[in-house]
Amino acid sequence: MANLSGSMGIYMRLGITAQGRMKVKQLTPQGKRNHTSVKEFILLGFPGALYLQISLFVLFLFMYIMTVTANMAIIALVMISQRLRTPMYFFICNLSFLEIWYTTACVPKTLANLMSQSQTISFTSCILQMYFVFSFGCTEYFFLAVMAYDRYLAICHPLHYSSIMNNTLSIQLALGCWVCGFLAICLPAYLIARLSFCGPNIINHFFCDIAPWIVLSCTDTYVVELVAFITSFIVILGSCAITLVSYVYIISTILNIPSVKGRKRAFSTCSSHLTIVIIWYGSTIFLHVKPSIQNSLELTKIVTVLNTIVTPLLNPFIYALRNTEVKEAVKHVFRGK
């Protein structure tokens, strides 16, 4: 989803407008547009020497296997440990499940392209990949906001936490995150599916990102760009506002705790989530701050690797290494008690 937030910025930096693209469309002698439909696209990925392709393949494969394994371990730990049967870990479990599919939506195809002479992807496959990558991204924004709200209730209203954040509300919030995340991308995906592609078919990315893809269209993409911008604005700023307000109250409450031990204990319950929030929103902000026009798309690839490959790998380790309850649960499981 962070890729969606950077899509509109790329257009502004490259000076690409709907009117400008209309001027370069090919016309037939009769003055009509030539709509020779493009059925396949080429994902440029990471062009370079063979050793670079092999190195990236090994690195991405290792990280993908570790991501799936680590997140599955978190899910299994939450399911078998009684002490982790709380709303916070229910959301963590959902987030781990999400991370597995988020990285799976683009990494396997990237691995195949790194080791293949043909880097093509069909129009239908491109639509589906784009839809799932951005849907999972939107869902992650919503989950981070919900988890911030959960920490707000736990720290600012500890006496009422159990009655407010009960099992029913937890399930409703989680279901709302999944439904809203997948609904958010329906309209942009539908509009992109209606575009015509009749010229260049090389997408300068390792997956079907919106910005470098729709710029290839030979029809007006103003509506797609507007809808994508509005969607990213609502999803990103909406979830960011909830997260930010929650942490303002959390930090204020922690600072008012008289004892140092009490402050440290309260902060430890949200430090893992705060770390992930900083990484996730940090990459989103970075997509808007690029040092040069020429390198904007290349930097977008690098940041996208951070979002789709690195972050899903780091999350379970952040929760395992920075969370005392997870450490104790792991020790409890291995001791067989």
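This is a predicted model: local features need pLDDT of at least 70, side-chain atom pairs count only at pLDDT 80 or more; totals for chains, interfaces and linings use all residues.

Entry 1, the largest cavity. I looked up its lining and found Leu43, Leu44, Gly45, Phe46, Gln53, Thr110, Asn113, Leu114, Gln119 and Phe206. On a 1 Å grid over the protein atoms alone, a cavity is a set of points where a 1.4 Å probe fits but cannot get out, and lining residues have an atom within 4 Å of a point. The volume of the largest cavity is about 60 Å³; a volume here is the space filled by probe spheres set on the points, which are joined across faces, edges and corners. Helix α5 (residues 107–114) provides the largest share of this lining, three residues. Helices are DSSP runs (H or I, at least four residues), numbered from the N terminus. I sorted the lining by class and noted five nonpolar, five polar and no charged residues. In this scheme Ala, Val, Leu, Ile, Met, Phe, Trp, Tyr, Cys and Pro are nonpolar, Asp, Glu, Lys and Arg are charged, and the others, Gly among them, are polar.

Residues are numbered from 1 along each chain as its sequence is written, and side-chain values use heavy atoms, with hydrogens and water left out.

I noted a count of four cavities of 30 Å³ or more. At least two lining residues come from each of α4 (87–104), α6 (123–156) and α13 (271–286), and α6 gives the most, with three residues. By class I recorded five nonpolar, four polar and two charged residues for this lining.

A pocket is an open set of grid points with protein on both sides within 12 Å along at least five of seven lines. I found about 600 Å³ of space in the largest pocket. It has 17 lining residues, and Arg151, Arg265, Ser268, Thr269 and Glu325 lie nearest its centre. Two or more lining residues come from each of α4, α6, α12 (260–268) and α15 (324–335). The most come from α12, with four residues. The lining divides into eight nonpolar, five polar and four charged residues.

Which angle do α6 and helix α11 (residues 222–255) make where they pack? I found about 20°, with the axes 9 Å apart; axes are lines fitted to C-alpha atoms over the stretch in contact, and angles run from 0 to 180 degrees between N-to-C directions. The two helices are therefore roughly parallel, a term for angles under 35 degrees. In contact (heavy atoms within 4.5 Å) are several residues, including Tyr141, Phe142, Tyr149 and Arg151 of α6 and Ile236, Ser239, Thr243 and Tyr247 of α11. I counted by class 17 nonpolar, four polar and one charged residues in this contact.

Entry 6, α11 against α13. I found that these axes come within 12 Å and cross at roughly 145°. Ile236, Ser239, Cys240, Thr243 and Tyr247 in α11 meet His273, Leu274, Val277, Tyr281 and Thr284 in α13. The classes here are six nonpolar, four polar and no charged residues.

The axes of helix α3 (residues 50–80) and α5 come within 9 Å, crossing at roughly 155°. This makes α3 roughly antiparallel to α5, the term for angles over 145 degrees. The contact joins Gln53, Leu56, Phe57, Phe60, Leu61 and Tyr64 of α3 to Val107, Pro108, Thr110, Leu111 and Leu114 of α5. I recorded nine nonpolar, two polar and no charged residues in it. Gln53, Thr110 and Leu114 also line the largest cavity.

Terms used:
Angles under 35 degrees count as roughly parallel, over 145 as roughly antiparallel, 65 to 115 as roughly perpendicular and the rest as oblique.
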